[in-house]
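Here is a short briefing to read alongside your structure viewer. Keep the model open and click along as the topics come up.

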Amino acid sequence: PSPPDPIQAYLGSPSLTVFAPWLKMHVDVLMEMSALLGMLLSMVAMAGGRHVLVYAGLWVLYLSLCTAGQTFLHFQWDIFILETGFLSILYASPWLGNTDAPHPPCLLYTSPSPRDS
């Protein structure tokens, strides 16, 4: 049998593990690749790569871990990390105005950039 439609499966359970059968990969390999990609994106963000796609990628990867982790990753601090990650997407977004202008200190707390310090 063919695997189910991956987009419909993702909307039902927002985790990248639903793409494993479609990509013909084992779930554990996909999760390890997700962790490595998360480390790489985190290094880009720490190096000053304040881009909306970097933070959106990190948010999707952590949402996948929280969804796949079920009860193990359903604590208040995990939800807080997801909320803060979403704020960092808004912080890096170009539609907030001039990205060269300094941002309010409360936004700098969620995602500091070396350029702003």
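Predicted model: local features only at pLDDT ≥ 70, side-chain atom pairs only at ≥ 80, totals over all residues.

Of its 117 residues, 28% count as buried. The largest nonpolar core brings together 8 residues, and a nonpolar patch of four residues, Leu36, Met39, Met43 and Met46, lies on the surface.

**The chain as a whole**

- Taking contacts between residues at least 6 apart in sequence, 43% join residues that are at least 24 apart.
- The protein chain exposes about 7900 Å², and carbon and sulfur atoms supply 72% of that area.

**The nonpolar core**

- In soluble globular proteins, nonpolar side chains tend to be buried together.
- Which residues make up the largest nonpolar core here? They are Leu41, Ala45, Val52, Val54, Tyr55, Leu61, Ile89 and Ala92.
- Helices α3 (27-46), α4 (52-69) and α5 (76-92) are the elements that give two or more residues to this core.
- The largest share, 4 residues, comes from α4.
- Ala45, a member of the core, touches Val54 and Tyr55 once residues up to four places away in sequence are set aside.

**The nonpolar surface patch**

- Leu36, Met39, Met43 and Met46 together have about 470 Å² of accessible area in this patch.
- If you want a place to start looking, Met39 is found in helix α3.

- Leu37 lies in helix α3 and is partly exposed, because its relative accessible area is 40%.
- Leu61 is one of the core residues.
- Ser42 is another residue of helix α3, and it is partly exposed, with a relative accessible area of 30%.
- From Ser42 to Leu58 the C-alpha distance is 7.4 Å, and the two are 16 residues apart in sequence.
- Leu53 and Leu41 are 12 residues apart along the chain, and their C-alpha atoms are separated by 9.5 Å. Leu41 belongs to the largest nonpolar core.

- Thr17 has its place in the loop between α1 (6-12) and α2 (20-23).
- Why does Thr17 count as buried? Its relative accessible area is 18%, and buried means under 20%, so Thr17 falls within that class.
- The side chains of Thr17 and Ser15 are joined by a polar contact of 3.0 Å.
- Beyond its neighbours within four places in sequence, Thr17 is in contact with Val27, Leu30, Met31 and Ala68.
- Ser34 is found in helix α3 and counts as buried, because its relative accessibility is 11%.
- Which residues does Ser34 contact, leaving aside its neighbours within four places in sequence? Ser34 is in contact with Leu16 and Leu61, and Leu61 is also listed in the nonpolar core.
- Ser34 and Thr17 are 17 residues apart in sequence, and their C-alpha atoms are 9.6 Å apart in space.

**A backbone angle to check**

- Most residues other than glycine have a negative phi, and most peptide bonds are trans.
- Lys24 has a positive phi of about 60 degrees although it is not a glycine.
- Where does Lys24 lie? Lys24 is in the loop between α2 and α3.
- Lys24 is exposed, because its relative accessible area is 76%.

Note on methods: Residues numbered from 1 in each chain as written. Heavy atoms only, no water. Core = buried A, V, L, I, M, F, W, Y, C linked by side-chain atoms within 4.5 Å. Buried < 20%, exposed > 50% of the residue type's maximum accessible area, 1.4 Å probe, protein only. Contact = heavy atoms within 4.5 Å. Patch = residues over 30% accessible without salt bridge, like charges linked within 9 Å, V, L, I, M, F, W, Y side chains within 5 Å. Areas by Shrake-Rupley, 256 points an atom, 1.4 Å probe, with all protein chains shown as cover. Salt bridge = Lys/Arg side-chain N within 4 Å of Asp/Glu carboxyl O. Polar contact = N/O pair within 3.5 Å; in protein donor to acceptor, adjacent residues only side chain to side chain.
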